[in-house]
Amino acid sequence: MRPVSWPGMTDPLDPKALLEQAFTMGEEFPGPAQDLLLSWLLSLGADQQPAAAAAMLLPRYASAVAGKSDALPVVKLHRLLSEVATSPPATARRGRLSGRMRRS
């Protein structure tokens, strides 16, 4: 079930409605899926975990790709979104400088 949206209201899981537009286009989505996924990731708020957002979005768009050819960019986008959903969270850097930076 898709959330209700009104003009000026954004979905924190898809702030710029990039995924919504691509999956609405279905087979007409030209791709590349990787570029759109990166744009979506960059549009997420700093407090939004990509894996959690992707996991919540996957069921919304499952019907848009059901029974479609794996060669379609929209199917590849769904597969990439699935990979994000199962990816471990990024680990925070500890602030150590590399050897090259320390020697300069």
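Predicted model: local features only at pLDDT ≥ 70, side-chain atom pairs only at ≥ 80, totals over all residues.
Residues are numbered from 1 along each chain as its sequence is written, and side-chain values use heavy atoms, without hydrogens and water.

**Trp 40.** I placed Trp 40 in helix α2, residues 33–43 (helices are DSSP runs of H or I, at least four residues, numbered from the N terminus). Leaving out residues up to four places away in sequence, I found that Trp 40 touches Leu 13, Asp 14, Leu 18, Leu 19, Pro 50, Ala 53, Ala 54, Leu 57, Leu 81 and Val 84 (contact is heavy atoms within 4.5 Å). Its C-alpha atom is 8.1 Å from that of Pro 15, 25 residues away along the chain.

**Rings.** I counted 1 aromatic pair (centres of Phe, Tyr or six-membered Trp rings within 6.5 Å; planes under 30 degrees apart are stacked, over 60 edge-to-face, the rest tilted). Phe 23 and Tyr 61 are stacked, because their ring centres are 4.4 Å apart and their planes at 10 degrees. Phe 23 is in helix α1 (residues 18–25) and Tyr 61 in helix α3 (residues 50–65), so the pair ties together parts 38 residues apart in sequence. Both Phe 23 and Tyr 61 are buried.

**Asp 11.** I found Asp 11 in the segment before α1, buried at 18% relative accessibility. A polar atom of its side chain lies 3.0 Å from the backbone nitrogen of Leu 13.

Note on methods: Helix = DSSP H or I, 4+ residues; strand = E, 2+ residues; numbered from the N terminus. Buried < 20%, exposed > 50% of the residue type's maximum accessible area, 1.4 Å probe, protein only. Polar contact = N/O pair within 3.5 Å; in protein donor to acceptor, adjacent residues only side chain to side chain.
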